[in-house]
Amino acid sequence: MDRLHVTATSHWPNYLPEYVARELGYYQAEGLEFSRSAPDDWTQVLRDLEGGTADVVLGGLWVPAMYHGRGREYRAFAQLNARNPKALVTREPVADFDWNDLEGKIVLAPGAGGTAPFVHTAGLMRAAGVDMSKVRWVRDLSGSMLTELFLGGMGDALVTDLVNASFMEHRKEAFVAVRHDRAGGLMPNSVYYTTDDVLAREDQLVPRFYRALQNAYDWLKAHEAAELTDLLAREWPSLDTGVLVSIVDDLRASGIWDDLRISEEGYAEWMRILVEDGLLDEVPAYGDLVRGVS
């Protein structure tokens, strides 16, 4: 058995295929001794990879993109989320929501765990013609802190993940106004990336990992979330498992786990938004950041 350790920016249900592959023995079938960690400070994932304590990072594609040509080179080889599993919630239901409705409002967007919640939201708003000078933002704080503040009365809208948004709506604390997975189309939100040295290993570590994940994808397409009740309860004991089962089925239907390959269309649009927001000088060629695996 060969060790493969993934260091991830979080431990959350939108990463479910990774846990399904472990649960159903797909890693073991590939001769892999799989393990994962999710450090509190997400930037630790880069130190884990560079120090050799991890073989692969699970996180945002914007990280390899921003470092490309700026001191570090990482290659992405798979997308775990083909769409952005985020949503914008409001305190009351909003019929026929339009992004322009946010003009004159205060929007809370987490930033402590990464840049995508704000940057992707802002990109969708600009594309819809929103006058961004009329929107006030509260940023750079953790998702948990901003959620608590929003529920306490701060701001008019909150950007959060779909799982959290669905639970808030279930409890009638907030209501989903718009979903990024639907409004934003294809977007490689969470990808696996590593170094050229790991990709070049003679033991084919990355292709074996990729095949295990593909088996999990195929299984999820054919099976309902109720079959994963025990797994969901073990991994996220603080969440209501019955509600979580319905959320996972919604994610299955959303297209978030449709394709493990990084979409060139989604890549181009996400890179365009990153350039527009100033995080990149220009769009890196797809082949500079993405490596195909078979």
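Predicted model: local features only at pLDDT ≥ 70, side-chain atom pairs only at ≥ 80, totals over all residues.
Helix α12 covers residues 241–254, and because its 14 residues at 1.5 Å a residue should span 20 Å, the 20 Å separation of its end C-alpha atoms agrees with that expectation.

**Helix α12 and its ends**

- The residues of α12 that are buried are Thr241, Val243, Leu244, Val245, Ile247, Val248, Leu251 and Ser254.
- These buried residues pack against several other elements, namely the helices α1 (16–23), α7 (162–170), α8 (180–183) and α11 (229–235), together with β9 (175–179).
- At the N-terminal end, α12 is capped by Asp240, which places a side-chain oxygen 3.0 Å from the backbone nitrogen of Gly242.

**A nonpolar patch on the surface**

- Met145, Leu149 and Met154 make up a nonpolar surface patch, and together they have about 230 Å² of accessible area.
- Of these residues, Met145 belongs to helix α6, which runs through residues 143–151.
- Met145 has a relative accessibility of 42%, and it therefore counts as partly exposed, since that class lies between the limits of 20% for buried and 50% for exposed.

**Gln79 in strand β4**

- Gln79 sits in strand β4, which comprises residues 75–81, and its relative accessible area is 2%, so Gln79 is buried.
- The side chain of Gln79 has a polar atom 2.9 Å from the backbone oxygen of Asp259, and this side chain also reaches the backbone oxygen of Arg261 at 2.7 Å.
- When neighbours within four places in sequence are left aside, the residues in contact with Gln79 include the run Asp259, Leu260, Arg261, Ile262 and Ser263, and also Pro188, Ser190, Val191 and Tyr217.

**Phe97 in a loop**

- Phe97 is located in the loop that lies between β5 (86–90) and β6 (106–108).
- Although Phe97 is a loop residue, its relative accessibility is 18%, and it therefore counts as buried, the cut-off being under 20%.
- Apart from neighbours within four places in sequence, Phe97 is in contact with Leu88, Leu102, Ala177 and Val178.
- Phe97 and Glu50 are separated by 47 residues in sequence, and their C-alpha atoms are 44 Å apart in space.

Technical notes
Residues numbered from 1 in each chain as written. Heavy atoms only, no water. Helix = DSSP H or I, 4+ residues; strand = E, 2+ residues; numbered from the N terminus. Expected span 1.5 Å × (residues − 1). Buried < 20%, exposed > 50% of the residue type's maximum accessible area, 1.4 Å probe, protein only. Contact = heavy atoms within 4.5 Å. Polar contact = N/O pair within 3.5 Å; in protein donor to acceptor, adjacent residues only side chain to side chain. Patch = residues over 30% accessible without salt bridge, like charges linked within 9 Å, V, L, I, M, F, W, Y side chains within 5 Å. Areas by Shrake-Rupley, 256 points an atom, 1.4 Å probe, with all protein chains shown as cover. Salt bridge = Lys/Arg side-chain N within 4 Å of Asp/Glu carboxyl O.
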